[in-house]
Amino acid sequence: MSTRDVFEYAVLRVVPRVERGECFNAGVLVYCRAKSFVAARTHLDERKLKALDPHADVVGVRAALRAVEGVCGGGDAAGQAAGDDPGRRFRWLIAPRSTVVQPGTVHSGLTLDPEAEIERLLDLLVR
């Protein structure tokens, strides 16, 4: 019998003009302590970005989303967070910030497979 593990997730929002507060979903962060799993998957809809800000820096936004994925993956791409455990990296990424890429509220659930869960959430909440 397979057991389901608790996981936490947050949506990554793109806020092209922070002063206006308009945003759209562009990724998902998932953390499962029982599996020592943390990952991010992103999908940038350039049409939405340009609709909110015709002068948005698409390359910069993509780089910011890739940086979140890199921190989750650990290693050299995680920079100073490379030595941190998955939970600390997740907590650092979900901390509120006033930047173009922002984490949303943290939610929780149960899953058999965190890797499959992140893909399901990306399809449900972002694509």
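Predicted model: local features only at pLDDT ≥ 70, side-chain atom pairs only at ≥ 80, totals over all residues.
Reader: Why is the set with Val14, Leu29, Leu44, Leu49 and Leu65 called a nonpolar core?

Author: A nonpolar core needs buried residues such as Val and Leu, joined through side-chain atoms within 4.5 Å, and buried means under 20% relative accessible area. The set of 24 residues meets that test, so it's called a core, and those five have the most contacts inside it. β1 (5–14), β2 (24–32), β3 (37–42), α2 (58–73) and α3 (86–94) each supply at least two of its residues. The largest share, six residues, comes from α2.

Reader: Which residues are among those of the other core?

Author: Phe7, Ala39, Ile118 and Val126 are among its eleven residues, and this core lies apart from the largest one.

Reader: How do you know that the lining of the largest pocket is mostly nonpolar?

Author: Count by class: ten nonpolar residues, two polar and one charged. The pocket, about 170 Å³ in volume, is lined by 13 residues, with Ala64, Val68, Leu93, Arg97 and Val101 nearest its centre. Ala, Val and Leu count as nonpolar and Arg as charged, so Arg97 is the charged one. Here too α2 gives the largest share, four residues.

Conventions: Residues numbered from 1 in each chain as written. Heavy atoms only, no water. Buried < 20%, exposed > 50% of the residue type's maximum accessible area, 1.4 Å probe, protein only. 1 Å grid on protein atoms, 1.4 Å probe; cavity = no way out; pocket = protein on both sides within 12 Å on 5 of 7 lines; lining within 4 Å. Points joined across faces, edges and corners; volume = space filled by probe spheres on them.
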